[in-house]
Amino acid sequence: MVRGRISRLSVRDVRFPTSLGGHGADAMHTDPDYSAAYVVIETDAEDGIKGCGITFTLGKGTEVVVCAVNALAHHVLNKDLKDIVGDFRGFYRQLTSDGQLRWIGPEKGVVHLATAAVLNAVWDLWAKQEGKPVWKLLVDMKYCRKVKLVKKKERSKCWHKDTLLTRHRAPGWGTQMTR
């Protein structure tokens, strides 16, 4: 059951100096420092659960994404998580339709990356409160079934994967649902 009002949103610029050894370099990206804007969302719920979301860049661009996340924070802070997940599409549209930020790319670029980090954190928080991995939350959602984001065959594969993970205590799992 979702609970709590979002009381804090923090964002960090996390970088890995991969350019020092040329790791990840290619003809277009000769000095990539793999980086991420790392968002953490907290609520006033007593469980202390936090939602984490990331979005990737290749270095200095992360500074700009961090600024964009902070610019979007007012859409998240002091909102009831139940209201957000009750109308996730509306919440997405709020983030991407901010009148002050629309002109710099709600469906592309920096605002798109910032929105992704925030949405990922909300999905993570919601799934943790439900006690499920994000992919299972998606599979279980009535909304997911209604809009057919996951086909019936794929749902059964997800359930099988969930059973395998639970029984064999796999150390990790990916987001690919149709393996």
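## The overall layout

The protein chain has 7 helices and 3 strands, where helices (H or I, at least four residues) and strands (E, at least two) are DSSP runs, numbered from the N terminus. From the N terminus on, the elements follow the order β-β-β-α-α-α-α-α-α-α.

This is a predicted model, in which local features need pLDDT of at least 70, side-chain atom pairs count only at pLDDT 80 or more, and totals for chains, interfaces and linings use all residues. Residues are numbered from 1 along each chain as its sequence is written, and side-chain values use heavy atoms, with hydrogens and water left out.

Of the 179 residues in the protein chain, 39% are buried. Buried means under 20% relative accessible area, exposed over 50%, and partly exposed in between (1.4 Å probe, protein chains only).

Let's start with two strands. β2 (residues 35-43) and β3 run antiparallel and are joined by 8 bridges; two strands pair if DSSP finds at least two bridges between them. One place to look is Tyr38, whose bridge partner in β3 is Ile54. The hairpin has 6 residues between the strands, and Gly48 there takes a positive phi near 70°.

## Where α1 meets α4

Now for a pair of helices. Helix α1 (residues 61-72) packs against helix α4 (residues 109-130) at an angle of about 65°, with the axes 8 Å apart. Axes are lines fitted to C-alpha atoms, for helices over the stretch in contact, and angles run from 0 to 180 degrees between N-to-C directions.

From α1, Val64, Val65, Ala68, Val69 and Leu72 meet residues of α4 including Val110, Leu113, Ala114 and Ala117; contact means heavy atoms within 4.5 Å. An α-helix has 3.6 residues a turn, so residues three or four places apart point the same way.

Tyr92 sits in helix α3 (residues 88-96). Is Tyr92 buried, partly exposed or exposed? Tyr92 counts as partly exposed because its relative accessibility is 25%. Leaving aside neighbours within four places in sequence, Tyr92 is in contact with Glu107, Thr115 and Leu119. The C-alpha atoms of Tyr92 and Val118 are separated by 9.7 Å, and these residues are 26 residues apart along the chain.

Finally, α4 is followed by Gly131, whose phi is positive, near 75°.
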